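Welcome to a short tour of one protein chain. Please take a look at the sequence and the 3D view before reading on.

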Amino acid sequence: MTKEELAKISIEEFSRLQKWMLATSRDSESYQMMYERYIELKAILAAVNVNLAELDRIK
């Protein structure tokens, strides 16, 4: 998988995950599980030099 393909797939998943997180209570177990994946995706995107300033709605 190329760096560009990894970035595209990760951006798509990051966006989808954030929509789910925003629709879920922060106190729920589901949110906490999603938050773990959110952190992983942020690390992947940072590693492939994607600027998260525009993409990150959770912060």
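## About the model

This is a predicted model, in which local features need pLDDT of at least 70 and side-chain atom pairs count only at pLDDT 80 or more, while totals for chains, interfaces and linings use all residues. Residues are numbered from 1 along each chain as its sequence is written, and side-chain values use heavy atoms, with hydrogens and water left out.

## The chain as a whole

Let us begin with the overall layout. The secondary structure consists of 2 helices and 0 strands; here helices (H or I, at least four residues) and strands (E, at least two) are DSSP runs, numbered from the N terminus. Helix H1 covers residues 3–22, and helix H2 covers residues 29–47. Buried means under 20% relative accessible area, exposed means over 50%, and partly exposed lies in between (1.4 Å probe, protein chains only).

A contact means heavy atoms within 4.5 Å.

## The nonpolar core

Which residues touch the most other members of the largest nonpolar core? They are Phe 14, Leu 17, Met 21, Tyr 38, Leu 45, Val 50 and Ile 58, in a core of 13 residues. Both H1 and H2 give two or more residues to this core, and H2 gives the most, with 5 residues. A nonpolar core is a set of buried Ala, Val, Leu, Ile, Met, Phe, Trp, Tyr and Cys residues joined through side-chain atoms within 4.5 Å.

Leaving out residues up to four places away in sequence, Met 21 touches Tyr 31, Met 34, Tyr 35, Tyr 38 and Ile 58.

## Charges and salt bridges

The chain carries 9 positive and 10 negative side chains, and the centres of these two sets lie 5 Å apart. Lys and Arg count as positive, Asp and Glu as negative, while His and the chain ends are not counted. Each charge is placed at NZ of Lys, CZ of Arg, CG of Asp or CD of Glu.

How many salt bridges are there? The count comes to 4, where a salt bridge is a side-chain nitrogen of Lys or Arg within 4 Å of a carboxyl oxygen of Asp or Glu. One of them joins Glu 12 and Lys 8, at 2.6 Å from N to O. Both of these residues lie in helix H1, 4 residues apart, which is about one turn of the helix. Glu 12 is partly exposed, at 37% relative accessible area.

Another salt bridge pairs Arg 37 with Glu 13, with 2.8 Å between the closest N and O atoms. Arg 37 lies in helix H2 and Glu 13 in helix H1, so this pair ties together parts that are 24 residues apart in sequence. Both partners are partly exposed: Arg 37 has 29% relative accessibility, and Glu 13 has 24%.

Arg 37 also forms a salt bridge with Glu 40, the closest N and O atoms being 3.1 Å apart. Glu 40 and Arg 37 are 3 residues apart in helix H2, about one helical turn. Through shared partners, the salt bridges join Glu 13, Arg 37 and Glu 40 into one network. Glu 40 is partly exposed, with a relative accessible area of 41%.

Start with Met 1, in the segment before helix H1. Is Met 1 buried or exposed? Met 1 is exposed, because its relative accessible area is 72%. Apart from neighbours within four places in sequence, Met 1 is in contact with Leu 6 and Ile 9.

Next comes Glu 4, in helix H1, which is exposed with a relative accessible area of 60%. The C-alpha atoms of Glu 4 and Ser 25 are separated by 33 Å, and the two residues are 21 residues apart along the chain.

Finally, look at Asn 49, in the segment after helix H2. Its phi is near 60°, a positive value in a residue other than glycine. Most residues other than glycine have a negative phi. Asn 49 counts as exposed, at 63% relative accessibility.
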